[in-house]
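I opened my notebook to look around a protein model and jot down what I found. Come along and check each entry against the picture.

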Amino acid sequence: YDELYKSGVDSLMLQFALDSALSFVDGFYKGGLLKRDFWLRIHNPSTEDTWRGAMGVEVEAGDLFSNGKLFALVRYWWFGEMRISVCQRVENRFVRKININTGTMVFDFDSICDINGDGALDYWEAWYPPSGCCPRFSNNVYLQKTDSIAFSEPIYFINPSFFPEEKIVLGYGYGQPEIVESYAYSWNGYQLDTIGYVYPAQDTTESYYITKQYFYQGHNFDTIRKYGERIDSFPDFYPWNLLRTED
């Protein structure tokens with residue numbers, strides 16, 4: 001602790017928290033699911049009766065991704081800085097597969113679930129930025145690649161709803177209701193195909209423009225009008241019906 005404190009580098013303390021969590025898994029994992037929360041208290045080396053603070057640690061270990069491999073999911077934080085590491089046991093050591101730097105004030109939740117409908121469990125991290133005018137539910141998805149023990153680079157979505165059985169993602173962008181676009185994507189393996197972007201028409205509240213290409217809201221509305229197809233009601237093709245309720 002003392003050498004870490006004297007260094008003044010909080011990242012070293014966070015690395016120590018991760019190492020402590022993985023050492024705990026090494027010592028106590030006997031199969032099934034192992035979960036533990038604990039605090040690492042950091043003392044001030046200049047005195048014996050004061051302490052600088054504590055690092056929070058949460059660890060889950062087991063066959064988390066249902067692929068027959070031992071993984072450890074570790075969340076750890078220190079004075080507002082938070083990190084999340086997904087580590088796989090390879091032979092006699094843990095190898096970090098996913099590393100996320102975030103903050104305790106913006107982190108919302110994470111989950112291990114199938115996002116793209118291929119049957120493999122993926123890692124999903126969600127957070128909410130602390131400022132802005134409009135809904136800004138932010139998400140990164142790391143897809144598990146079934147042909148190897150690896151994950152994709154993070155795929156970012158804003159304000160999404162995931163429908164893995166249909167292999168569809170529906171959502172809307174960031175902005176004011178009268179100009180913000182809605183979007184629909186379909187999964188093609190680890191890639192996304194665009195179904196369409198739907199923009200409210202600026203001259204009426206009852207019409208829309210649908211495009212295959214993304215345009216930045218009202219700032220490019222002349223371009224949207226030029227390249228988009230005008231429709232008199234919100235698209236009625238299949239994916240959008242997922243958001244509708246029975247009358």
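**Entry 1: the largest pocket**

I sorted the residues lining the largest pocket by type and got 8 nonpolar, 1 polar and 1 charged. This is a predicted model, by the way, so I keep that in mind for every entry. I then wrote down the names: Y156, F157, I158, G173, E181, Y183, Y185, L192, Y197 and Y214 line the pocket. How much space lies in the largest pocket? I noted about 150 Å³.

Next I looked up which elements the lining comes from. At least two lining residues each come from β11 (155-158), β14 (182-188) and β15 (191-200). The largest share belongs to β11, with 3 residues.

**Entry 2: the nonpolar cores**

I started with a general idea: in soluble globular proteins, nonpolar side chains tend to be buried together. Then I looked up the largest nonpolar core here and found 22 residues in it. L22, M55, V57, V59, A72, V74 and Y76 have the most contacts inside this core. The elements giving it two or more residues are α2 (10-28), β1 (34-43), β2 (51-62) and β3 (71-78). Which of them gives the most? I found that α2 does, with 8 residues.

There is also a second, separate core of 20 residues, and A126, I155, V169 and A201 are among its members.

I went back to Y76 to list what it touches, leaving aside neighbours within four places in sequence. Among its contacts are L14, A17 and L18, and also G56 and V57.

**Entry 3: aromatic pairs**

I counted 19 aromatic pairs. Are the rings of F65 and F151 stacked or edge-to-face? Their centres are 5.0 Å apart and their planes are at 65°; an angle over 60 degrees counts as edge-to-face, so that is what this pair is. F65 sits in the loop between β2 and β3, while F151 is in strand β10 (residues 150-151), so I was looking at a link between distant parts of the chain, 86 residues apart. Both partners are buried, because their relative accessible areas, 1% for F65 and 12% for F151, fall under the 20% cut-off.

Then I checked Y209 and F221. Their ring centres are 5.7 Å apart with planes at 85°, so this pair is edge-to-face too. Y209 belongs to strand β16 (residues 208-211) and F221 to helix α3 (residues 221-227), 12 residues apart. I have Y209 down as buried at 5% relative accessible area, and F221 as buried at 7%.

I also found a cluster in which ring pairs link F109, W124, F137, F157, F162 and W187.

**Entry 4: two positive phi values**

S66 has a phi of about 50° and lies in the loop between β2 and β3. For N159, phi is near 50°, and the residue is found in the loop between β11 and β12 (160-163). Is each one buried or exposed? S66 counts as exposed at 56% relative accessibility, whereas N159 is buried at 6%.

Note on methods
Residues are numbered from 1 along each chain as its sequence is written. This is a predicted model: local features need pLDDT of at least 70, side-chain atom pairs count only at pLDDT 80 or more; totals for chains, interfaces and linings use all residues. Side-chain values use heavy atoms; hydrogens and water are left out. A nonpolar core is a set of buried Ala, Val, Leu, Ile, Met, Phe, Trp, Tyr and Cys residues joined through side-chain atoms within 4.5 Å. Buried means under 20% relative accessible area, exposed over 50%, partly exposed in between (1.4 Å probe, protein chains only). Helices (H or I, at least four residues) and strands (E, at least two) are DSSP runs, numbered from the N terminus. Contact means heavy atoms within 4.5 Å. On a 1 Å grid over the protein atoms alone, a cavity is a set of points where a 1.4 Å probe fits but cannot get out, and a pocket is an open set with protein on both sides within 12 Å along at least five of seven lines; lining residues have an atom within 4 Å of a point. Grid points are joined across faces, edges and corners, and a volume is the space filled by probe spheres set on the points. Ala, Val, Leu, Ile, Met, Phe, Trp, Tyr, Cys and Pro count as nonpolar, Asp, Glu, Lys and Arg as charged, and the others, Gly among them, as polar. Rings of Phe, Tyr and Trp (its six-membered ring) pair if their centres lie within 6.5 Å; planes under 30 degrees apart count as stacked, over 60 as edge-to-face and the rest as tilted.
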